[in-house]
Amino acid sequence: MLRTLACLIMVLCLSPLWGAQAQQEQNEWLSQSDQTLADPEEAVDIVLTGESLLIDQPGVYRLSGTIENGSVTVRPEQEEKVWLLLDGVTVHNENGAALLSDGADKLILTLAEGSVNTFSQGAGEPTAEDNDAAIFSRDDLTINGSGALVVEGLYRDGINCRDSLRVVSGSLTVTALEDAVVGKDEVALCGGDLTVVAQEGDAIKSTNDEDADRGFVVVSGASVSVTTGGAATAQRTAGGGWGGWTAQDGDDASQKGLKAETRLIVESGTIVADTVDDALHCNADVAISGASLTLSSGDDAVHADNALTVSGGSIRVLDSYEGLEGAVLTLSGGEISIVSSDDGINGAGGDDASAAEDGSWAGSAGRFGRDRFSSSTGSLAISGGVITVQAGGDGIDVNGSITFSGGELYVYSTGQGDGALDYDGSFAMTGGTLLAAGPAGMAMSVSEPGVPGTAQAVSGSGAVEVVDAGGQTLARFEVPGAYSHVVVYSDSLIDGQTYTLSLGETAMEVTMTTQPQNNTGFGGGGRGGTRNGMPGDPPANRPEDAPDMPQDWPDMPQDGPSL
C-alpha cells in the first residue's frame with residue numbers, strides 16, 4: 001500500500017504543470033482502495049461453464065472456469081465499483097473482447113494467490129464496437145493480487161483501457177498484434193512483474209493528447225520487460241534502412257517500448273527493453289530519478305521532445321541509434337552507460353519534422369527521429385552522476401550549449417566524420433571530470449574551461465590516464481579502441497601543474513591549464529544547416545536562388561595538428 005501511495009504522490013510532485021482539477025482527482029484516488037484485494041468471503045461465486053457472462057450489478061465476484069468462445073461483460077446498472085476475483089479463469093473470444101467493461105465506476109481485477117488466469121482474443125474481426133482488445137475497458141481499470149494474468153490479443157491490442165490503468169501487483173504477461181498495453185489517460189505501474197510483447201505496435205503507452213493533465217506513464221516499483229517487433233534485436237541487425245531495419249508507414253510504424261504523450265516518469269523498479277523504435281519515448285517530458293534500466297533500441301534509447309532529466313538510478317544502453325535525446329537535457333545523478341551507432345547524447349530543440357509524402361518518417365536527414373529537429377536550440381547540463389558514452393557518431397552532440405559543473409563524463413567516438421564532443425554554442429566547465437577521445441578531424445574541446453585540462457591531437461589506443469608527480473592516478477578512461485584526439489579536464493587537477501598523460505602504452509608530459517585551447521576540427525554539428533562541421537541540409541531561410549550544395553565531400557584528415 002505504501003508503495004502504491006508513493007507512486008501517485010511522486011507523480012504529483014514531479015508534475016508542477018498539472019491543473020488543480022487533475023491534482024484533486026489524484027488526491028481522491030489516494031483515499032480509495034485500488035490496492036485493496038477482493039475478499040473471497042464477500043464474493044459471489046461464479047463458475048464459467050462455456051456460456052458468455054454478463055455482470056450487471058456492482059459488487060464482488062469470484063470467477064473460475066472456462067469460456068471457449070465468448071466473453072465476460074461488466075456493465076452494471078449503477079456506476080459503482082466491480083471487483084472480479086480471478087481464481088483460475090480461461091476466456092477466449094474469437095471475434096471480440098474476452099473481457100469487456102463499460103459503465104462501472106472502476107473495475108478491479110484481483111488475481112487470486114497461486115492462480116493463472118487467461119483472457120485471449122482471436123484474429124477474427126470483432127462483431128461489435130469496443131472489442132478490438134482482449135481486455136477492453138471504458139472504465140478505470142486496476143490490477144492487483146498475487147496470482148498471474150495472461151493476455152493475448154491476436155486481432156489488435158492486448159489490454160486497452162480508455163481511462164486510467166493501474167497495476168499494483170501480480171504477474172502479467174501481455175502479447176498483442178499491435179499495441180500491448182494502453183491506458184488512455186494514464187498508465188501507473190506501481191508494482192508487479194510485467195512481460196509485454198507488441199508485434200506491430202507499442203508495448204505500453206498512454207494516448208491522451210488533448211488534456212495536458214493526462215497522457216502520462218509512471219513506473220514506481222514495478223518490474224517491466226518490454227519487446228516490440230518480435231525479436232527486435234535480430235530484426236534491427238538483419239539489414240535494411242537506418243539502424244538495420246526497414247521503414248514502415250506513419251503512426252503505424254510506432255514500435256516503442258514505453259510511450260507517453262505528456263510525461264514519462266521512472267522513479268523505481270526495473271525496466272528491460274528491446275525495441276525496434278524508441279525504448280522510452282515522450283512527446284513532452286521524461287524524468288528518471290531511480291530504477292534500473294537496461295535498454296536496446298533501433299532508434300533512441302530514451303527520447304523526450306522537450307525536457308529529459310536524469311537525477312538517479314542506473315541506465316544501461318546496450319544498443320541504440322542514439323542514446324539519450326531531448327531538447328533540454330539535465331543530468332544530475334545516477335549511472336549512465338551508452339552504446340550508440342550514431343550520437344550518444346543528443347541535445348536538439350525544435351519540433352519533429354512532419355511525415356514525408358510517402359508516409360515514412362523522414363525529417364531533414366532521416367526518419368524515426370534521426371536528425372529530425374530543425375531548430376538550432378538545445379542544451380545539455382551535467383552536474384552529477386557517472387556517464388560513459390561509446391558512439392559511432394558524435395559522443396555528445398548539442399545544437400546549443402553545454403554546461404558541466406560536476407560528475408564524471410567519459411566519451412569515445414569512432415565516427416570518422418564526427419567527434420567525441422560537438423556543440424553549436426559554448427561548452428562551459430566549472431567542475432567534475434571529463435575524458436573524451438575520438439577522431440581529430442572534427443574534434444572540439446571545452447570552450448570555457450573553469451577547471452584545468454588539455455586538448456591534444458595525438459594518436460593512441462587503450463586507456464587514457466592522468467597521473468600526478470607522486471604516481472597517483474587522478475583520472476582514467478578505458479577507451480575501447482584507437483583515437484587521434486583526447487580532451488582531459490578535471491577539478492582534481494591544479495592549474496599550471498604538469499602531469500603525465502598516458503595514451504595506452506605511450507606517455508607524455510602535459511601542463512594543465514584553464515586557458516581555452518583551440519579546437520582542432522570544424523565542429524558545429526548542428527541540425528539547422530551543418531552536419532558534423534560540413535554543409536548538410538540547407539537551412540530553413542536559405543534563398544531559393546542559392547546554388548546547390550555539393551553532394552560529395554572529400555574525406556577529412558583523421559590526424560589534426562598537435563596543439
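A: Arg-62 and Asp-87 form a salt bridge, and their closest N and O atoms are 2.5 Å apart. The term means that a side-chain nitrogen of Lys or Arg lies within 4 Å of a carboxyl oxygen of Asp or Glu. Side chains of opposite charge can pair when their charged atoms come close. Arg-62 sits in strand 3 (residues 59-67) and Asp-87 in strand 5, so the pair ties together parts 25 residues apart in sequence. Strands here are DSSP runs of E, at least two residues long, numbered from the N terminus.

This is a predicted model: local features need pLDDT of at least 70, side-chain atom pairs count only at pLDDT 80 or more, and totals for chains, interfaces and linings use all residues. Residues are numbered from 1 along each chain as its sequence is written, and side-chain values use heavy atoms, with hydrogens and water left out.

The cut-offs are under 20% for buried and over 50% for exposed, with partly exposed in between (1.4 Å probe, protein chains only).

Now follow strand 5. Strand 5 (residues 81-93) runs parallel to strand 8 (residues 116-121), and 4 bridges join them. Two strands count as paired if DSSP finds at least two bridges between them. Asn-93 stands opposite Gln-121 of strand 8. Strand 8 also pairs with strand 11 (residues 148-153), again parallel, over 6 bridges. There, Asn-117 has Leu-149 of strand 11 as its bridge partner.

Other salt bridges are worth a look. The whole structure holds 13 of them. Glu-465 meets Arg-476 at 3.0 Å, N to O. Glu-465 lies in strand 43 (residues 464-467) and Arg-476 in strand 44, so this pair links parts 11 residues apart in sequence. Glu-465 is buried, at 16% relative accessibility. Arg-476 is partly exposed, at 39%. Arg-476 also forms a salt bridge with Glu-478, at 2.3 Å, N to O.

Strand 47 (residues 498-503) joins strand 48 through 6 bridges. Leu-503 stands opposite Thr-506 in strand 48.
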